[in-house]
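This report looks at aromatic rings, the sheet and the overall fold of the model shown below.

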Amino acid sequence: MPSQYIMVTPGSEVFEHYDQKRDCYEQLTNFMNLPTHGKICALYGLRRTGKTVMMEQCIAELPEEESAYLLCLNGCDMLEVRRVMEPLYAKGTRNFFIDEITAVTDFQKYGNVLSDYFSAKGAKVIIAGTDSLGIMLAEADILYDRIQMIHTSHVPYAEFSRLLGGKTL
């Protein structure tokens with residue numbers, strides 16, 4: 001059933017191809033390759049620091065029928081997220097990339113459904129959002145010891161230069 005608050009894109013329709021990867025991308029691939037039963041991964045940081053691009057790059061490296069990108073819009077709640085994810089899981093999706101998770105109104109209260117339900121069933125769940133405080137409050141409470149955090153805001157100059165093909169400011 002379609003949702004007015006969540007846009008779902010199958011893994012086969014990944015957006016753009018980016019050759020260069022952030023230095024912190026390795027942390028994301030480690031999360032995807034290691035057993036992480038009951039844990040989720042959070043990409044957090046300022047706008048325009050590569051969170052969505054990292055998710056797209058990761059989706060491109062996975063079997064397309066097993067991955068889905070979900071974009072949460074304002075007004076969404078965790079019940080709606082779960083309502084969208086359950087049929088996808090039933091059809092074989094095992095890698096969920098949820099962007100703008102902090103737009104979900106009750107994420108800090110019910111976000112543990114991602115770790116306690118979907119991840120516990122074997123799904124990989126990667127969330128991203130610009131509201132670092134919201135993600136950190138969830139980490140300190142309902143997601144305590146159930147989340148791997150990857151901070152994207154810090155971009156060293158050497159990485160910046162490498163990503164831009166050696167160009168300087």
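## A buried phenylalanine and its ring partners

Phenylalanine 118 has a relative accessibility of 1% and counts as buried, a class that requires under 20% relative accessible area, with exposed meaning over 50% and partly exposed in between, for a 1.4 Å probe and protein chains only. The model is a predicted one, in which local features need pLDDT of at least 70 and side-chain atom pairs count only at pLDDT 80 or more, while totals for chains, interfaces and linings use all residues. Residues are numbered from 1 along each chain as its sequence is written, and side-chain values use heavy atoms, with hydrogens and water left out.

Phenylalanine 96 forms a tilted aromatic pair with phenylalanine 118, at 5.9 Å centre to centre and with 55° between the planes; rings of Phe, Tyr and Trp (its six-membered ring) pair if their centres lie within 6.5 Å, and planes under 30 degrees apart count as stacked, over 60 as edge-to-face and the rest as tilted. Because phenylalanine 96 lies in strand β4 (residues 95-99) and phenylalanine 118 in helix α5, this pair ties together parts that are 22 residues apart in sequence. Here helices (H or I, at least four residues) and strands (E, at least two) are DSSP runs, numbered from the N terminus. Phenylalanine 96 is buried too, with a relative accessible area of 0%.

The structure holds four aromatic pairs. In one of them, the rings of tyrosine 89 and phenylalanine 118 have centres 6.5 Å apart and planes at 65°, so the pair is edge-to-face. Tyrosine 89 belongs to helix α3 (residues 78-90) and phenylalanine 118 to helix α5 (residues 113-119), so parts 29 residues apart in sequence are tied together by this pair. Tyrosine 89 is buried, with a relative accessible area of 12%.

Ring pairs link Tyr89, Phe96, Tyr117 and Phe118 into a cluster. Arginine 82 lies over the face of tyrosine 117, at 4.0 Å from the ring centre, where a charge sits over a ring if NZ of Lys or CZ of Arg is within 6 Å of the ring centre and within 35 degrees of the ring normal. Lysine 21 lies over the face of tyrosine 25, at 5.3 Å from the ring centre.

## The sheet and a helix packed on it

Six strands make an open sheet of mixed pairing, in the order β1-β3-β4-β5-β2-β6, two strands being paired if DSSP finds at least two bridges between them. The edge strands, β1 (6-10) and β6 (147-151), each pair on one side only. From one strand to the next, the twist averages 20°, with axes being lines fitted to C-alpha atoms, for helices over the stretch in contact, and angles running from 0 to 180 degrees between N-to-C directions.

Strand β2 (residues 40-44) pairs in the parallel sense with strand β5 (residues 124-129) over four bridges, and the bridge partner of leucine 43 in β5 is alanine 128. Helix α2 (residues 51-60) packs on the sheet and touches β2, β3 (67-72), β4 and β5, its direction making about 165° with that of β4; contact means heavy atoms within 4.5 Å.

## The fold as a whole

The protein has seven helices and six strands. Of its 169 residues, 45% count as buried.
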